[in-house]
Amino acid sequence: MKESRGKTDKTSISSSIDSQPLVLDIEDFKGGFSFDALFGNLVNELLPSFQDEESNSLEGHTNSSGNDALPNGNIKFSEAGKWAQGASSPSFPEVDALLSLFKNSCTQLVDLQKKIDGRLDNLKKEVASQDSKHRKTLTELEKGVDGLFESFARLDSRISSVGQTAAKIGDHLQSADAQRDTASQTMELIKYLMEFNSSPGDLMELSPLFSDDSRVAEAASIAQKLRSFAEEDIGRRQNVSSAEGNATASRGLEVAVANLQEYCNELENKLLSRFDAASQRRELSTMAECAKILSQFNKGTSAMQHYVGLRPMFDVEVMNSDTAMLLGDQDSQPSPSHVSRGLSSLYKDITDTVRKEAATITAVFPSPNDVMSILVQRVMEDRVPKLLEKVLEKPSLSSPPPVEEGGLLLYLRMLAVAYEKTQELARDLRGVGCGDLDVEGLTESLFSPHKDMYVEYEQASLKQLYKAKMEELRAENQLSSESTGSIGRSKGASISSSNQQISVTVVTEFVRWNEEAITRCSLFSSQSTSLAANVKPMFTCLLDQVSQYTTEGLERARESLTEAAALRERFVLGTNLSRRVAAAAASAAEAAAAAGESSFRSFMVAVQRCGSSVAIVQQYFSNSIARLLLPVDGAHAAACEEMSTAMSSAEGAAYKGLQQCIETVMAEVDRLLSAEQKATEYRSPDDGLMPDHRPTTACTSVVAYLSRVLEAAFTALDGLNKQAFLTELGNRLHKGLVNHWQKFTFNPSGGLRLKRDITEYGDFVRSFNAPSVDEKFELLGIMANVFIVAPESLSSLFEGTPGLKKDAQRFVQLREDYKSAKLASKLSSLWDSS
């Protein structure tokens, strides 16, 4: 925007605006155009003077009328007229100038718009013209490109056609060249074939090729081709009905085949001789050359086998030295540990030798894996079996070697050692390299004759060991009995029982045998199902051994109880005996009682050791056997059932023995009561003295005896067995005491003494932890009151306890005053009501 500016006052501004109107240019609207800036440039020269005048007039008005204003800022009514008059004067004198300016600007803007519209129309026309030209040019270009693409397609098709033609020509040329080479080779082969077909056995007229040592490889190749061709032709002609001429041709080719076979044999033998000579000189290059040529004869099998057969490791002397090293002194029986060390050393030497041979084979033979396969196979089929047959002599099951010479166990241990070490050898040879040979399968085939009957040998060995152990124990017992001598029947019974006690150490030895057998089972059984099938009969052997051993031990302990019972029966005290005889009988009865107590303790020890033995077997089953049986459905449950069945015989013997123990204890209790219980102890005279509150001598003796003898039961028994035994003994004791007291008459003082005895017995049986027994002795304590209370109080004694009336009727009859107090008639109504 172009504008002439004068002085800053209104007159000059107005005059300048009127004299020089505002001129707008199109260039002003280009770039960053702002309407606010344009408007500001138009009015900024006029508006500041108006703003200054307005501010000045407002300040003067405020000063002159400051006193007329109200405190709240309003104007008084009296001054309102003046304010209205002042407001009627012009407040914006530049408005005319601005209107003139705006009109001028609008006029110029309209003119500018027209100019711009004109320019836009011209530009549109020009753009339309250029666009038409551009479209025309593009159309022409597209036509040219389409033509170019068509030219390229024709060129590509031509190139492809030329290439295919060239490829066909090349294939024809290559085929023609191959046919020419084949024809040339065929001609050569026919010529050579005719030479070999000349006459049988005549190899002197052959081409120099077949006698030139420098061309042995070529001669071998041609000879093999001729031989193959001739053999195929003969086979083909033999399958067709031949005419006479064909038959002649066949005979001619047969001559060639025979001559070729003879030549190949001579050549192969010559190469093998050269190979052997180079092998002795360790000339690996010559050996490799010969091996390469020999590979054309039966794929080199003869050369491979020839090389392996000449290895020093298969010499007879080497094998004999192996046997001597393995067996050691011929006069002594080799031990498994010695054989294990010997096999480890020999197998290590074999592995090292094969590893050295592998290096030579790799450098010499074109197919080293095949040679290694033959070498390792020779080792596993020749050298290893000769070692094993010296170690593994299969014994007879019908007449096995005695245990003193190792028995069947020695053979089984040798078998396990040999199998384990041979497996290690197979793994080592596999690591060295043996081609596609199944060396593990060869190992299994070596031991298959032994593994087929392995389970039977293992069972027979376990039975042989058990039989030998039992014979050893019987011999030791016999020797001990002979050295001790016979001191007396009762004492001898005790000694015999102690010498034949069940031994937990022996049962542990049974388990150790079985564990060793299971270890061998795991070694020989590759499949989990076969392992489970082999483990089951082994464990059955252990169950049979433990069951038989513990049952026999318990039966021997029962025999001592039976002998003690027989002694008691012999020395039962009768009546009307002299003092001397009675004293001797009493002494003998005490000896029988001592024998019974000793046999009781021995049986309890046997029961305890039997329980420990069963626990050892159960622990062994849980730790070692159970996991091996799990792969077979039902095997674990069947083994548990079999274990329970096997132990039932021992349980039956233990039950019978414990019943005999109760009989033994009760017999001694009866003897003590009969011998030491005095009738006067329960009919103390009523002399006014302080009554005796101590238990009777018989009670003290019985409790002391029970405390002493039952220590063994408390130690040997546990759980439900202990509870059942003590409950039965408590019931028998209660019954025996009741029957014993039925023999006496009681007065009140005697009743108090009886009550004291019952309390003593009750305190003792409380250690049985048998509630039913405790209850019976508590009722006995109540029953003893029938001897203490006055006759007239007897009826009230049983009020509220009707269950006691039946037993109380028997006890009341034992009162000293039963007849004098006429208690039968007085209590008849009480008994009738029950």
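This is a predicted model: local features need pLDDT of at least 70, side-chain atom pairs count only at pLDDT 80 or more; totals for chains, interfaces and linings use all residues.

Q: What is the angle at which H23 and H24 pack, and how far apart are their axes?

A: H23 (residues 748-765) and H24 (residues 771-783) pack at about 170 degrees, and their axes are 9 Å apart. Angles over 145 degrees count as roughly antiparallel, and H23 and H24 are therefore roughly antiparallel to each other.

Q: How do the axes of H17 and H18 cross, and which residues meet?

A: The axes of helix H17 (residues 504-524) and helix H18 (residues 528-570) come within 10 Å and cross at roughly 170 degrees. H17 and H18 are therefore roughly antiparallel to each other. Among the residues that meet are Phe 510, Trp 513 and Ile 518 in H17, and Met 538, Phe 539 and Tyr 549 in H18. The contact of H17 with H18 divides into 15 nonpolar, four polar and no charged residues.

Q: How is an aromatic pair described?

A: One gives the distance of the ring centres and the angle of the planes. The count here comes to 18 aromatic pairs. One of them, Tyr 419 with Phe 524, is edge-to-face, at 5.0 Å centre to centre and 65 degrees between the planes. Tyr 419 lies in helix H13 (residues 407-432) and Phe 524 in helix H17, so this pair ties together parts that are 105 residues apart in sequence.

Q: What shows where empty space is left?

A: A probe the size of a water molecule is rolled over the atoms. In this model the largest pocket has a volume of about 710 Å³. Of the 26 residues that line the largest pocket, Val 607, Glu 651, Ala 654, Leu 717 and Asn 721 are the closest to its centre.

Q: Which helix gives the largest share of the lining of the largest pocket, and how does the lining divide by class?

A: H20 gives the largest share, eleven residues. The lining has 16 nonpolar, seven polar and three charged residues.

Technical notes: Residues are numbered from 1 along each chain as its sequence is written. Side-chain values use heavy atoms; hydrogens and water are left out. On a 1 Å grid over the protein atoms alone, a cavity is a set of points where a 1.4 Å probe fits but cannot get out, and a pocket is an open set with protein on both sides within 12 Å along at least five of seven lines; lining residues have an atom within 4 Å of a point. Grid points are joined across faces, edges and corners, and a volume is the space filled by probe spheres set on the points. Helices (H or I, at least four residues) and strands (E, at least two) are DSSP runs, numbered from the N terminus. Ala, Val, Leu, Ile, Met, Phe, Trp, Tyr, Cys and Pro count as nonpolar, Asp, Glu, Lys and Arg as charged, and the others, Gly among them, as polar. Axes are lines fitted to C-alpha atoms, for helices over the stretch in contact, and angles run from 0 to 180 degrees between N-to-C directions. Angles under 35 degrees count as roughly parallel, over 145 as roughly antiparallel, 65 to 115 as roughly perpendicular and the rest as oblique. Contact means heavy atoms within 4.5 Å. Rings of Phe, Tyr and Trp (its six-membered ring) pair if their centres lie within 6.5 Å; planes under 30 degrees apart count as stacked, over 60 as edge-to-face and the rest as tilted.
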